[in-house]
Amino acid sequence: MTLLEELKYKRKGSLIVVCTLGLAGAFQIQSIGDIWRSNVFEDTSVSKNEGLSFIFKCVSFVLLTLLLAIPMFVIHFLKLIYYQIEISKLTP
């Protein structure tokens, strides 16, 4: 595999991640009210204690969104830009 083909392959992978997380983020923003009002702890012992359920909701939202999705989106977006610059240097 040549360097150009390898860069195109990596660019395609980064583009998939950026599009997937971008669309997921857009959907998350659009439906945040429905997701927030849903009770994922229904019929469990946690649902009996509303304060604990609220804390778990906050923690899960922060962990999933802030610690995973946003950094992965930014990292792969920067990789996408880098790969595109390298590909444009190699193509005449």
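Start with confidence. The chain averages a pLDDT of 79, and 73% of the residues score at least 70. This is a predicted model. Colour the chain by pLDDT and pick out two elements. Helix α1 has the highest confidence, at a mean of 85. Helix α2, residues 32–37, has the lowest, at a mean of 63. Where pLDDT is low, the predicted coordinates should not be read in detail.

**The whole chain**

Switch to cartoon. Along the sequence the pattern reads α-α-α. Helix α1 covers residues 3–30, and helix α3 covers residues 50–90.

Now show the surface. The accessible area of the chain is about 7100 Å². Carbon and sulfur atoms account for 71% of that surface. Of the 92 residues in the chain, 14% are buried.

Then look at contacts across the sequence. Take those between residues at least 6 apart: 65% of them join residues at least 24 apart.

**Select Ser14**

Ser14 sits in helix α1. Is Ser14 buried or exposed? Ser14 counts as buried because its relative accessibility is 3%, below the 20% cut-off.

Which residues does Ser14 touch, beyond its neighbours within four places in sequence? Show His76, Lys79, Leu80 and Tyr83; Ser14 is in contact with each of them.

**Select His76**

With neighbours within four places in sequence left aside, His76 is in contact with Ser14, Val17 and Val18.

**Select Phe73 and Phe77**

The whole structure contains 2 aromatic pairs. One of them is formed by Phe73 and Phe77, and the pair is stacked. The ring centres are 6.1 Å apart, with 10° between the planes. The pair counts as stacked because that angle falls under the 30 degrees cut-off.

How many residues separate Phe73 and Phe77 in helix α3? They are 4 residues apart, which means a separation of about one helical turn. Check both against the surface. Phe73 is partly exposed, at a relative accessible area of 31%. Phe77 is partly exposed too, at 39%.

**Select Glu6 and Lys10**

Go back to helix α1 for charged side chains. A search of the whole structure gives 2 salt bridges. One of these joins the side chains of Glu6 and Lys10, at 3.3 Å from N to O. Both residues lie in helix α1, 4 residues apart, about one turn of the helix. Glu6 is partly exposed at 31% relative accessibility. Lys10 is also partly exposed, at 36%.

**Select Glu86 and Lys89**

End on helix α3. What does Lys89 form with Glu86? The two make a salt bridge, and their closest N and O atoms are 3.6 Å apart. Lys89 and Glu86 are 3 residues apart in helix α3, about one helical turn. Lys89 has a relative accessible area of 61% and is therefore exposed.

Definitions and conventions: Residues numbered from 1 in each chain as written. Predicted model: local features only at pLDDT ≥ 70, side-chain atom pairs only at ≥ 80, totals over all residues. Heavy atoms only, no water. Phe/Tyr/Trp six-rings, centres within 6.5 Å; stacked < 30°, edge-to-face > 60°. Helix = DSSP H or I, 4+ residues; strand = E, 2+ residues; numbered from the N terminus. Buried < 20%, exposed > 50% of the residue type's maximum accessible area, 1.4 Å probe, protein only. Contact = heavy atoms within 4.5 Å. Salt bridge = Lys/Arg side-chain N within 4 Å of Asp/Glu carboxyl O. pLDDT = per-residue confidence, 0-100. Areas by Shrake-Rupley, 256 points an atom, 1.4 Å probe, with all protein chains shown as cover.
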